[in-house]
Amino acid sequence: HFPSLPWGSRSLMATVEEKETLVSSRRRSDLGNKEQLFRADYGEGLKRFPGVFGGIVDDFQRRYADYWTDVEQGWTQKTLSAALQMYLATFCSTIALASSIQRRTNSQIGFSEYLLMNGIAGMVHAAFGCQPLLILRPTGPITLMLVQIYALAATAGVEFLPLVAWTGIGISFWMTVIAATEFSRHIAMLTTFAHDAFACFVSSIYVVDGITGVINRLADEEVPDSLFALLISLYLILCALVLTNLRSQSDASWLSFIPKRTRHLLADYALGLATITATAISFSSAGRLEVDRLDIPGNHGDFSANPTSPGRRWPIPLSPGQDNTALIAFIGIAVSIPITIFFYFDQNFSSLLCQQPSMQLDRGSYYHSSFLFMAGFNVIGSSE
């Protein structure tokens, strides 16, 4: 009960009470709107189903209805050029990252592991995945995470490979939970800014790694050799860009003397032509200039499907024979949580890019099944 107040003071008190009521009402309204954001249905491929694994079943039911139609219609004049471009883009980046991780982990992980897992995951997902435009392979961020796990293993005094195996098991568990509960549907809440910022972060890793390699080569090698390697790198980039740009040239441009069909053909094979010719140029100066080449492990210089580290077997023991298995498992499961969060954004952003309207896909949208595939690949790849 308020004491008797002058008219003006009562008006002021009423105004304050009305404002408090209005603010409280708005807060309840905002809270309701926020609850509406976490919906069960954001559209095709981003729905919540009763129970668990409903989204996985829905993905496969919708996708496999057109499976053989895709196989029959997939062979066109663009198939070979697209396959070659994806192969070179994937193979070259995988080789570069494998070389980096082999140096930074003292050859405990390297070419054999990266190439073998890239081949298995890529072929299985391309053949049976609901969204085959996704390329599942080791990336720059994954390589950086492995480097940090290697440093963590040294700090904690535990073995590196068992720690990687337990981390992979943890990632597989969390990603299975995400797939089973259709948690990927909430990616629809993120803004374009979040998508662009994340894409910039991922792509910048390759740029920084490439520039750092060029700078280190200039500092560590003979000047003629390093300059020759730099010129080859610049040639590959410019050649690929120029050939790719031929597709956008009109018949009225200065390149009109090249038939349109030939221009498009050169653009389709731009990356392949640039890579092959740049490699040939690197061998043209044999005996005069030395080009730093990758040290591929194997027998007599040939690649073999053996682990990079000599003497170890493919399966990684989860219990390395020391009395610290529980510690390794605890660290691995704990480390898997932030890595899974990263994979959640990375995988879903990649799915969004693959399924945007400009891609002109007409077979539907799929998100949940790729997480289940990644869960399986993580537990297999980290344990070998």
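## A walk through pockets, rings and a loop

The second largest pocket has a volume of about 180 Å³. Before you start selecting, note that this is a predicted model, where local features need pLDDT of at least 70, side-chain atom pairs count only at pLDDT 80 or more, and totals for chains, interfaces and linings use all residues. Residues are numbered from 1 along each chain as its sequence is written, and side-chain values use heavy atoms, with hydrogens and water left out.

**Stop 1: the pocket.** Select Gln77, Lys78, Ser81, Arg261, Thr262, His264, Leu265, Asp268 and Tyr269, which line this pocket. A pocket here is an open set of points on a 1 Å grid over the protein atoms alone, where a 1.4 Å probe fits, with protein on both sides within 12 Å along at least five of seven lines; lining residues have an atom within 4 Å of a point. Grid points are joined across faces, edges and corners, and the volume is the space filled by probe spheres set on the points. Now colour helix α10 (residues 260-268), which gives the most to the lining, with 5 residues. Helices are DSSP runs (H or I, at least four residues), numbered from the N terminus.

**Stop 2: aromatic rings.** How many aromatic pairs does the structure hold? There are 13. Rings of Phe, Tyr and Trp (its six-membered ring) pair if their centres lie within 6.5 Å; planes under 30 degrees apart count as stacked, over 60 as edge-to-face and the rest as tilted. Pick Tyr67 and Trp68: their ring centres are 5.4 Å apart and the planes stand at 90 degrees, so this pair is edge-to-face. Tyr67 is partly exposed at 23% relative accessibility, while Trp68 is exposed at 61% (buried means under 20% relative accessible area, exposed over 50%, partly exposed in between, with a 1.4 Å probe and protein chains only).

Next, go to helix α12 (residues 325-354), where Phe345 and Phe349 lie 4 residues apart, about one turn of the helix. Their ring centres are 6.3 Å apart with planes at 35 degrees, so the pair is tilted. Phe345 is partly exposed at 28%, whereas Phe349 is buried at 6%.

**Stop 3: a loop residue.** Finish at Glu182, in the loop between α7 (160-180) and α8 (192-220). Is Glu182 buried or exposed? Its relative accessible area is 0%, so Glu182 is buried. Show its contacts (heavy atoms within 4.5 Å): leaving aside neighbours within four places in sequence, these are Lys47, Arg48, Phe49, Phe53, Gly54, Gly55 and His368.

Methods:
Helix = DSSP H or I, 4+ residues; strand = E, 2+ residues; numbered from the N terminus.
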